[in-house]
Amino acid sequence: MMDIGDEKDEITKISHSLKETGEIAKEFSNKLSQGDVVALYGPLGSGKTFFVRETAKCLGAGDLITSPSFVILNEYKTNLPIYHFDFYRLKNEEEIANIGFTDFLNQKGIFFIEWPEKAEQMLPEEYYRIVFEILDKNSRKIIISKIHKMIKHYLY
Ligand SMILES: Nc1ncnc2c1ncn2[C@@H]1O[C@H](COP(=O)(O)OP(=O)(O)OP(=O)(O)O)[C@@H](O)[C@H]1O
Ligand SMILES: [Mg+2]
């Protein structure tokens, strides 16, 4: 694991293995608390799901609860519920609204979202953004930042 930059609220890591990605997830899990939303961006197979599972483990998740009829949401058993959404198969914000996404966000828990591009407007005022980039077979660039929509709004 190597830090290659720490600019403003943004940190860039290079992972060379699953083990290193697990270490980055562990470090990240220490930042998280009730109500946090984590949006994970990046192409297919870039490591979003792996990262969520490792982070969830660090937060005390045991078995994965998977509902076969509801593949866009995984729920992990922890003291604090962990909701893991994958919007890949959903078309638009209307479909995401129909699964009750906003109601989920109002519940107690920590929330992870893969393919959050599909629900950009529905993300809260503040959330973590993690961008995954495939460098080669075993290496990933992982950029973690905290988004504050209002501040962004004033700057641009
Ligand atoms: N350093 C690494 N960190 C994370 N995953 C890695 C790394 N090197 C190789 N991989 C592999 O990359 C794949 C990541 O798969 P994963 O399901 O987490 O991707 P994803 O971003 O969730 O894709 P999708 O958009 O399809 O859901 C796994 O097969 C994993 O073994
Ligand atoms: Mg995935």
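**Group meeting: a walk along the chain**

Hi everyone! Reading along the sequence, the pattern of this protein chain is β-β-α-β-α-β-β-β-α-α-β-β-β-α. The chain has five helices and nine strands; helices (H or I, at least four residues) and strands (E, at least two) are DSSP runs, numbered from the N terminus.

Some housekeeping. This is a predicted model, where local features need pLDDT of at least 70 and side-chain atom pairs count only at pLDDT 80 or more, while totals for chains, interfaces and linings use all residues. Residues are numbered from 1 along each chain as its sequence is written, and chains are lettered from A and ligands numbered from 1 in the order in which they are written.

Of the 156 residues in the protein chain, 26% count as buried, that is, with 20 or more other C-beta atoms within 10 Å of their own, the C-beta atoms being placed from the backbone.

Now find helix α2, residues 48–58. Which of its residues are buried? They are Lys48, Phe51, Val52, Glu54, Thr55 and Ala56. These residues pack against α1 (18–29), β3 (37–41), β5 (73–76), β6 (82–86), β7 and β8. After α2 comes Gly60, with a positive phi near 100°.

Next, please look at Trp115, in the loop between β7 (110–114) and β8 (126–136). Its phi is near 60°, positive although the residue is not a glycine. Why does Trp115 count as buried? Because 20 other C-beta atoms lie within 10 Å.

Finally, contacts: two residues are in contact if their C-beta atoms, placed from the backbone, lie within 7 Å. In the protein chain, 59% of the contacts with a separation of 6 or more join residues 24 or more positions apart.

Key: A residue is buried if 20 or more other C-beta atoms lie within 10 Å of its own, exposed if 12 or fewer, and partly exposed in between; C-beta atoms are placed from the backbone.
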